[in-house]
Amino acid sequence: MLLQLKNVSKWVQSGGQRVFLLKDINFWVNEGDFISIMGPSGSGKSTLLNGIGMLDAFSAGEYAFLDQPVHTIKEKQRAKLYKEHIGFVFQSYHLIDELTVKENLEMPLLYKKYKSSQIKALVADTLDRFNIVGKKDLFPSQLSGGQQQLVGIARALIASPKLILADEPTGNLNSKQGEEIMETFTQLNKVGVTIIQVTHSEKNMAYGSRVINLLDGHIV
Amino acid sequence: MFRNHIKIALRNITKDKMFTAIKIGGFAIGIAACLLITLFIRDELSYDTHYKNKDRIYRVVVEFNIEGERIKNVHFQLPFAEALVSDFPEIIKSGKYNSGALFGAGDKSLRLEGETQNRLEKGFVFMDSGLLEVLEIPLIQGNPKNALDEPNSLIITKEKADQYYPNGDAMGNVLILDNNTEMPYRITGVMDNTGLKTHFQYDFLMGISDQNASWMNSNYMTYVLVDEHTDIALLEKKMASVIEKYIVPALKDAGRDSDSFNTLRKSTFELQPVADIYLKTDNQIQDRLSHGDIRFVWLFAAIALFILGLAGINFINLSTAKSANRAKEVGLRKTVGAFRRNLISQFLAESIIFSILSFVLGLFFAWLLLPYFNAIADKAVLFPLNSWWFLPLILFSAFLIGIIAGIYPAFYLSAFKPINVLKGRLSIGSKSGKIRSGLVVFQFSISIILIIGTLIIYRQMDYILTKDLGYTKEQVMLIEGANALGNRTQSFKKQIQYMSSVQQVSVSDYLPIEGKKRNGNSFKKAGEGYQIGGVGLASQIWRVDYDYNRTLGIKIKEGRDFFIERASDSINSIIVNEMMVKKLGLSEPIGKKISNGFDWTIIGVVEDFHFNSLKIGIEPLALVIGNSPETISVKLNSSDINSSIEAIKKIWDTSVPNQAFQYTFLDQDFAMMHKDVKRMGIIFNSFALFAILVACLGLFALSAFMVEQRKKEISIRLVLGASFKNIYRLLTINFLKLVLVSICIAVPIGWYIMQRWLEDFAYRIELSWQIFVIAGILALGTAIFTISYQSISVAFIKPLKNLRTE
């Protein structure tokens, strides 16, 4: 088992009252899963994803990631955990505009203290794998949305994380580009990468192996 | 519409309190500094502007050309002033005064007729009635046409008149000066010079008693009032005829050779406008007046502009940096129908409101700081709040500066295209980033130049105040008004000499402090003609006593000191300084004879010591035994100065019961002599600090914006595994690059400016590379410190907040 959530809740204080974003969520993820989180706007999809990604803490409940109790360990260790094992893909790509494709890919490796020879090799591999060798010296603004998201996925994958978290990865793309991105995810999943995606679209949902439906913070 | 502008502006002010505080506060500090400097400059420029005939009053200056060396002088012969009026019809009136201590000007003890108690007063000067008229001395009693015609006439200030004659008319009363009952002075006038800004600051004006109408002695500062429409350049040329007509015949009578005539014929005259005397008098001219310095006025004006510029740049930088936050507003306003000019006027209105608020706050700061500033600058500047022009001027300046500072942000912000803004596609242009970087470099360059200036001025001040002067100024007490001792001088000297706390005592008014007694004379080798263009070597000859050199710690280099046992020492023995030996070209000086009209035998050579301000080099000097009993110098032992003073005071009080014991210390007088240097240094440093503070505020705010703008990027990096250290370096390095560029720009400029400033001093520090390294390190340190606050705040960024998709 990769991760498990037990009775997890998340709330915010508003005017002296607790407003629940998530309530009593229970589920687990095995390695190799491809999970789609579905639900209307405001149902808590992104909150759940961010909690899993450890970018945000849950208010209550237990969260185990690789058998480590995320809800009790210290902030620093938690950061270490997600930096090592989780890759993020965002709806609006979040590439750094001032850096080229190649440099964007290098960045996570630089921060993880890879040797420069290793970085070179990994970047070359990844460019090759995603078929973007020809674009390596372009800046994000010179790419189409689909290409940018491809780079975003490549960047998320480059340090070989165990889990990819994707928050509406195709939200800003047209349907053809969206399909291509989903194909990429499927292929990655086939070679063993665990993926959790948040999506609005039934079509995208179909790519996943399991669906979690959220409504007003509950799993339905 | 306008009300709407104001409403939005006020809401923006309260929305982001820190930035508002920096924007308005920084601007206000700049305005306060600028205002104080402006008041200071205005005060400096206000000297001698009150005369009715101010464009027609001149001081006469002569420039000698002695074998190529140009020497300016303002001292003229007694008959010179009258000769000018009789020879040149353009000159309507002339006047003269003599402030030389040698002739009895300066300090005097004073008592009312019929009383016994003497009081020491300062600021006595000999002058004629002509000068009363030329300088428009404001007499409230007495007739300026003839008030000083009699040798024993005296004009005093209203303040002194009220002090000495609290319930009566001062006019016609008699005063005894320096115990001289044979020549009592009668008050023939009272002047009210309170609050008058003039270079001519004397409290007691005495009629001229000097009867020596010779064309050989120059002791009188001479002023003229010229006719309207006078061609000054022409008059200056014509004045040279005085030399041929009066001076050359006098020299011939005295038996001087033709060399000296020829040298004199090369002299040129110059008429210095009265308004220039205070600020624009050459250092070389020794007129015993206190001067300002026009270069400091310029320097301060430049600093004021810089500070205002720095504050303005902050304003612009902060406004454009804030653009991301305003862009959405601009986009929305445009989509609902605003034209660009509406937006420009909105942003300008906002800028003007900011500017007015800053001015109000700045005025308040300046008002708070004015007393401190007056104390530092030794001024009594008042806030011209009551002047009709002041408030309109301030308001106008606030508008103008508001518009200037607001115009760039207004155009920049109003140019956003709504579609880009609303789609969130606003890329904060790299172009505006470049301009902002340029402005930061500009700010830091100026700050670094000011840091360099501050360091160098401080070092130079320290150098002057601690320089080895060739004599000992510490623990030397100067007893003033000692001529009151009369024939008890020697017994008084013996009594304090025997005190265990006293090392040495010397009676002489000639002291190595500017403003003390001086006696210029020209020397030659005995038995030869006058060298150096026939006019001889301009030197000082000082009358001292046998203990002078020991009391002041002046070192004998060759030969010997004066001995009281040698009868000839008090007749024709002379001790000279090294400079005199060098200038006269004496090898083996001991035993040689030199002459100033009287032949002296050199018995000793003293090491050169500084007896002028360090702005001037050491001049030739000769010491002879003589009587000059106004000041007694007492070298004390270091232990318990206070009880020594008490003991000496007791002896004084029994010797001179009718005059209070007055003393200073030589080192204090020395510090006073250089107080202008010190004062300017302190003022400069204070304002430099102001400027640096303003620049730092700007950098602080800018780094905050940088962080704000790059929040998204930083968040991405954090999510991708960047550590705090990585981010800190990322944010800091860009600014540090700018600071390094600034250092490269500032160092050569600072070097050049300070080199020029130092040239003014005959004795000065060398500009060493260490100063520039220290300045660079200080600038870098300040920058890192300023930026770090913001860079560190990044540690508390929540990446999630910035990565949410709108």
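Analyst: Two residues are in contact if their C-beta atoms, placed from the backbone, lie within 7 Å. By that rule, 82% of the contacts in chain B between residues at least 6 apart in sequence join residues at least 24 apart. In chain A, residues 24 or more positions apart account for 71% of the contacts with a separation of 6 or more.

Analyst: This is a predicted model, in which local features need pLDDT of at least 70 and side-chain atom pairs count only at pLDDT 80 or more, while totals for chains, interfaces and linings use all residues. Residues are numbered from 1 along each chain as its sequence is written, and chains are lettered from A and ligands numbered from 1 in the order in which they are written.

User: What makes up the secondary structure of chain A?

Analyst: Chain A has seven helices and 10 strands. Helices (H or I, at least four residues) and strands (E, at least two) are DSSP runs, numbered from the N terminus.

User: Why is chain A called as compact as a globular protein of that length?

Analyst: The radius of gyration, taken over C-alpha atoms, is set against a globule rule of 2.2 Å times the number of residues to the power 0.38. For 220 residues the rule gives 17 Å, and chain A comes to 18 Å, which is close, so chain A is as compact as a globular protein of that length. Its C-alpha trace spans about 50 × 40 × 35 Å along the principal axes.

User: Why is A302(B) called partly exposed?

Analyst: A residue is buried if 20 or more other C-beta atoms lie within 10 Å of its own, exposed if 12 or fewer, and partly exposed in between; the C-beta atoms are placed from the backbone. A302(B) has 13 such atoms within 10 Å, and is therefore partly exposed. A302(B) belongs to helix 10 (residues 294-321) of chain B. On the whole-chain scale, 40% of the 220 residues in chain A are buried, and for chain B the share is 41% of 806 residues.

User: What makes strand 2 and strand 5 of chain A edge strands?

Analyst: Two strands pair if DSSP finds at least two bridges between them. Four strands of chain A form an open sheet in the order 2-1-4-5, with antiparallel pairing. Strand 2 (17-29) and strand 5 (68-69) each have a single partner strand, so one side of each is left without a neighbour in the sheet.

User: How do you know that strand 1 and strand 2 of chain A pair?

Analyst: Strand 1 (residues 3-14) and strand 2 are joined by nine bridges in the antiparallel sense, and the rule asks for at least two. Within this pair, Q4(A) stands opposite W28(A) of strand 2. Strand 6 of chain A and strand 7 (residues 163-167) of chain A pair in the parallel sense over four bridges, with F88(A) opposite L165(A). In strand 6 (residues 86-89), I86(A) and F88(A) point one way, G87(A) and V89(A) the other, and all are buried.

User: What makes up the contact between chain A and chain B?

Analyst: It takes 14 residues from chain A and 13 residues from chain B. On the chain A side, helix 3 (residues 101-111) gives the most, with three residues. That side divides into seven nonpolar, four polar and three charged residues. Here Ala, Val, Leu, Ile, Met, Phe, Trp, Tyr, Cys and Pro count as nonpolar, Asp, Glu, Lys and Arg as charged, and the others, Gly among them, as polar. The buried residues of helix 3 include V101(A), L105(A) and L109(A). Their cover includes helix 4 (116-129) and helix 5 (145-157) of chain A together with helix 22 (711-719) of chain B.

User: What is called a nonpolar core, and which residues of the largest one touch the most other members?

Analyst: A nonpolar core is a set of buried Ala, Val, Leu, Ile, Met, Phe, Trp, Tyr and Cys residues joined through C-beta atoms within 7 Å. The largest has 155 residues, of which A33(B), I307(B), I452(B), F687(B) and A691(B) touch the most other members. Helix 21 (residues 675-709) of chain B supplies the largest share, 17 residues. A second, separate core of 63 residues includes A81(B), V134(B), I155(B) and Y202(B).

User: Where do the domains of chain B lie in its sequence?

Analyst: The assignment gives domain 1 (54-277) and domain 2 (482-658), and such bounds come from an automatic or database domain assignment. The C-alpha centres of the two domains of chain B lie 29 Å apart. In contact are 16 residues of domain 1 and 15 residues of domain 2.
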